[in-house]
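Let's take a walk through this structure together, starting with the overall layout and then zooming in on a few residues. Keep the 3D view open as you read.

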Amino acid sequence: MSRNHPIRPEDPVNAGASPSQRHGRRRWLRRLAIGGTAAALLAGGGAFVAHAHGGPDGPFPMLGGPGPMGRSTAFDPDEMRARAEWSVERMLKKVDATDAQTQRIKQIVGTTLRELEGLHAQHRANRDAMTKLLAADTIDRAQLEAVRAAEMQLADQASKRMTQSVADAAEVLTAAQRAKLVDLMGRHRG
């Protein structure tokens, strides 16, 4: 597959497709890739949000417990923001982002993380409720379902907010920068 023609006419999915239909598919795939690029900018922030929403040590047990010099890896909003900021700066340097672009995207990520911190307390309350329900003498399926539904609502809220932030960050970068980021992401995925 050549770089200029990501979808070959001989591919089975393109059998019988007109040149304009194939072009439309390529354009759609390119837009999808560019959208994924913006997602990479917030990946650091998103990863730390996911970590924050796990147990006391996050969803990754290997990161849990006391860390170096007895430091816990439990949810720490300041550490989460610092790590996200570092990740964003690192990615933006690779695409030659300007100082203004970097500052704007860091602002977007910081605002998003602060907003998502509020969901952490709600998640912890839901998790505690689920634990109590499962430890009860009798299992209340209706209450379990209510807690599950509340957790899904939180996940949906977080997902919507992250998608909004990805779009906001993507608009800060030029098309060329987004394309470069897509290329870098492709190399890392092997």
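Start with the big picture: the protein has 6 helices and 0 strands. Follow the chain from its N terminus and the elements run α-α-α-α-α-α. Keep in mind that this is a predicted model. The protein has 190 residues, and 32% of them count as buried. Now think about who touches whom. Take the contacts between residues at least 6 apart in sequence: 65% of these join residues at least 24 apart.

Next, find two helices, H4 (residues 99-135) and H5 (residues 141-172). How do they sit against each other? They pack at an angle of about 175°, and their axes are 10 Å apart. Angles over 145 degrees count as roughly antiparallel, so H4 is roughly antiparallel to H5. And what kinds of residues make up the contact of H4 with H5? There are 16 nonpolar, 9 polar and 6 charged ones.

Let's stay with H5 for a moment. Helix H5 has 32 residues, and from its first C-alpha to its last it reaches 47 Å. That's close to the 46 Å you'd expect at 1.5 Å a residue. Look at the start of H5 and you'll spot Asp140, with a side-chain oxygen that reaches to within 3.2 Å of the backbone nitrogen of Ala142. Which residues of H5 are buried? Among them are Leu144, Val147, Leu154, Met162 and Val166, and the list also includes Arg161 and Ser165.

Now hop over to H4, where you'll find Gln101. Is Gln101 buried or exposed? Its relative accessible area is 10%, and the cut-off for buried is under 20%, so Gln101 counts as buried. The side chain of Gln101 makes a polar contact with the side chain of Gln177, at 2.8 Å. Leaving out residues up to four places away in sequence, Gln101 touches Asp96, Val172, Leu173, Thr174 and Gln177.

One of those neighbours, Asp96, deserves a look too. Where is Asp96? It's in the loop between helix H3 (77-94) and H4. Asp96 has 54% relative accessibility, so it counts as exposed. Check its backbone as well: phi of Asp96 is near 55°, a positive value in a residue other than glycine. For background, most residues other than glycine have a negative phi.

With 12% relative accessibility, Gly110 counts as buried. Gly110 and Ala82 are 28 residues apart along the chain, and their C-alpha atoms are separated by 9.2 Å.

Last stop: Asp78, which lies in helix H3. Is Asp78 buried or exposed? Its relative accessibility is 53%, so Asp78 counts as exposed. The side chains of Asp78 and Arg81 are joined by a polar contact of 2.6 Å.

Notes. Residues numbered from 1 in each chain as written. Predicted model: local features only at pLDDT ≥ 70, side-chain atom pairs only at ≥ 80, totals over all residues. Heavy atoms only, no water. Axes fitted to C-alpha atoms, helices over the stretch in contact; angles between N-to-C directions. Helix = DSSP H or I, 4+ residues; strand = E, 2+ residues; numbered from the N terminus. Parallel < 35°, antiparallel > 145°, perpendicular 65-115°, else oblique. Nonpolar A, V, L, I, M, F, W, Y, C, P; charged D, E, K, R; others polar. Buried < 20%, exposed > 50% of the residue type's maximum accessible area, 1.4 Å probe, protein only. Polar contact = N/O pair within 3.5 Å; in protein donor to acceptor, adjacent residues only side chain to side chain. Contact = heavy atoms within 4.5 Å. Expected span 1.5 Å × (residues − 1).
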